[in-house]
Amino acid sequence: MTEERKFAILFAATILAAMRLIDMDPDKPSMAKGYFVDRAIDDAAFILERIDARWPTIVNSFSVRQE
């Protein structure tokens, strides 16, 4: 997994988890927080897999490093 893909999953998971965590008390421990974060990561990875399936990778000559 590339670093760009990890950051894309992190970004999407943050948005997905924030919708659930916004209503929770930040000072009160809750097992639901971990569940919501794990679920958001799984959902974000699923979304990226669907995007990859629908639009296969297109190699851009500017993004490929010349060594």
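These questions and answers walk through a predicted model of one chain.

Reader: What share of the residues of the chain count as buried?
Author: Buried means under 20% relative accessible area. That cut-off is applied here to a chain of 67 residues. The share that counts as buried is 9%.

Reader: How far does helix α2 reach from its first C-alpha to its last?
Author: Helix α2 covers residues 31–54, which is 24 residues. At 1.5 Å a residue, the expected reach is 34 Å. The model comes close to that, at 35 Å.

Reader: Which residue has a side-chain oxygen that reaches the backbone nitrogen of A32?
Author: This contact sits at the start of α2. The oxygen comes to within 3.2 Å of that nitrogen. It belongs to the side chain of S30.

Reader: What covers the buried residues of α2?
Author: The buried residues in α2 include A40, A44 and L48. Their cover includes a helix spanning residues 3–21. That helix is α1.

Reader: Is F36 buried or partly exposed, and why?
Author: F36 is found in helix α2. It touches A17, R20, L21 and M24, leaving aside residues up to four places away in sequence. Buried would need under 20% relative accessible area. F36 has 22%, so it counts as partly exposed.

Reader: How far apart in space are F36 and M19?
Author: In sequence, 17 residues separate F36 and M19. In space, taken from C-alpha to C-alpha, the distance is 9.4 Å.

Reader: Which residue forms a salt bridge with D43?
Author: A search of the whole structure finds one salt bridge. Its closest N and O atoms are 3.6 Å apart. Both partners lie in helix α2, four residues apart, about one turn of the helix. The partner of D43 is R39.

Reader: Why does W55 count as exposed?
Author: W55 lies in the segment after α2. Exposed means over 50% relative accessible area. W55 counts as exposed because its relative accessibility is 55%.

Reader: What accessible area do F46, I47, I51 and W55 have together?
Author: These four residues, F46, I47, I51 and W55, form a nonpolar patch on the surface. Together their accessible area is about 420 Å².

Note on methods. Residues numbered from 1 in each chain as written. Predicted model: local features only at pLDDT ≥ 70, side-chain atom pairs only at ≥ 80, totals over all residues. Heavy atoms only, no water. Helix = DSSP H or I, 4+ residues; strand = E, 2+ residues; numbered from the N terminus. Expected span 1.5 Å × (residues − 1). Buried < 20%, exposed > 50% of the residue type's maximum accessible area, 1.4 Å probe, protein only. Contact = heavy atoms within 4.5 Å. Polar contact = N/O pair within 3.5 Å; in protein donor to acceptor, adjacent residues only side chain to side chain. Patch = residues over 30% accessible without salt bridge, like charges linked within 9 Å, V, L, I, M, F, W, Y side chains within 5 Å. Areas by Shrake-Rupley, 256 points an atom, 1.4 Å probe, with all protein chains shown as cover. Salt bridge = Lys/Arg side-chain N within 4 Å of Asp/Glu carboxyl O.
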